[in-house]
Amino acid sequence: MAHDAVPFRYGQYLVTDEELASWTVVRSAEGEILAVSGPCPNCGHVTRQDVEESVVAFGQSGLAAAAAPTERMTRICECACGVDHQGAAAQPVMSCGNWWLFTIALDANATAPVRAATDASLLPALRAVQEVTATEESTLRSSAEKWIAAVTALVGLFGLAGVVVGKDAFTGLSACARGFAGGAALVAAGCAAAAIVWAYKAAYGWPEIVDLGNDQLLTRWFSSRRTHLQTAVGQLRKGVMWALISLGALLVAIGCIWFWPRSSPDGPLVEVTRRDDSKVCGTLLDSKTDRGLRIRRPNGVVETVSAASLGPVENVSSCDA
């Protein structure tokens, strides 16, 4: 059957070394593998498959010491010949639909740079690579957008802590109460930040570059990806724990401010001028009679200014020594 007459059919093609003998590897100037190209073993039309040597992975560590490299890199190739294989009576399909496994020799001087793959057990890992490669950009963008909400929540928490331990909230509190309330508010803010970090790490992980330059690295990455769910459960548990600690510390801070005994606030600072032009400056106290003002000077002496000698009374910010 002529190659042009091959109908579209999606499925795996069991390729042989002979059918990939004319395939070539496209490399960058630095020797990095970029793609493979050659005739499709099913339809015969020239096709090309881009090759990713790394992916952006979420939730797995890609910075551990690399395993000893092997001599090959296995990937999936899907026909993308650009020729219509559906027929004139239907919507054009620019591919014969077949896919196959192939290996690339890591040695640039290899006599057979592209060969048929023999290890079918790598197929689940290779499908996972395709999935990550197809969604890594949108996942990264989505994660970044959600981090904006997390940062906003963190800033709002600091704002709430500032309201709780604001200057007016401390009025009349002893130094001990202020220490308890302020320390508890700081603990609440720190624990809330830890809760956000652990929760987001469980949901998305840290984006890292994972080396997939050979089959051994691919297998190790796929194994770590499969165990990520168990790690994420522990991270989420830590996030909930830190959130509860933050809530408890915030309640301690609020309790100190609301229920700790307060001393009576001092009255306003005033300066009284007598009719003989002498002045008395200090804190205005409650009067025991209606015939004068009681003023406590900065040295602690309480003086009463009688109504008969009372002149102008002014609020001041400080008293001269």
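Which residue in β11 is the bridge partner of V270?

Modeller: The partner of V270 in β11 is G282. Before going further, note that this is a predicted model, in which local features need pLDDT of at least 70 and side-chain atom pairs count only at pLDDT 80 or more, while totals for chains, interfaces and linings use all residues. Residues are numbered from 1 along each chain as its sequence is written, and side-chain values use heavy atoms, with hydrogens and water left out.

Strand β10 covers residues 269–274 and β11 covers 279–285; they run antiparallel and are joined by five bridges. Two strands count as paired if DSSP finds at least two bridges between them. In a regular strand, side chains alternate between the two faces of the sheet.

Between β10 and β11 there is a loop, and D277 lies in it. The phi of D277 is near 70 degrees, which is a positive value in a residue other than glycine. D277 is also exposed, at 62% relative accessible area. Here exposed means over 50% relative accessible area and buried means under 20%, with partly exposed in between (1.4 Å probe, protein chains only).

The two strands belong to an open sheet of five, in the order β13-β12-β11-β10-β14, with antiparallel pairing. Its edge strands are β13, residues 302–306, and β14, residues 310–315, each of which pairs on one side only. From one strand to the next the twist averages 45 degrees. That angle lies between N-to-C directions and runs from 0 to 180 degrees, with axes fitted as lines to C-alpha atoms, for helices over the stretch in contact.

The structure holds one disulfide, a pair of cysteine sulfur atoms within 2.5 Å. The disulfide joins C281 to C319, with 1.8 Å from S to S. The link is left-handed, with -75 degrees about the S-S bond. C281 is in strand β11 and C319 is in the segment after β14, so the bond ties together parts that are 38 residues apart in sequence. C281 is buried, with a relative accessible area of 11%, and C319 also counts as buried, at 19%.

Other cysteines can be checked against the bond. The sulfur of C43 has its closest cysteine sulfur in C40, 3.7 Å away, which is too far for a bond. C43 is buried, with a relative accessible area of 0%. For C79, the closest cysteine sulfur is in C96, at 3.6 Å, again too far for a bond. C79 is buried too, at 7%.

Strand β6, residues 72–78, is mostly covered, since five of its seven residues are buried. β6 pairs with β7, residues 98–105, in the antiparallel sense over seven bridges. Among the pairings, R75 has F102 in β7 as its bridge partner.

Strand β2, residues 24–27, is joined by four bridges to β3, residues 33–39, which runs antiparallel to β2. T24 stands opposite S37 in β3. The hairpin of β2 and β3 has five residues between the strands, and G31 there takes a positive phi near 90 degrees.
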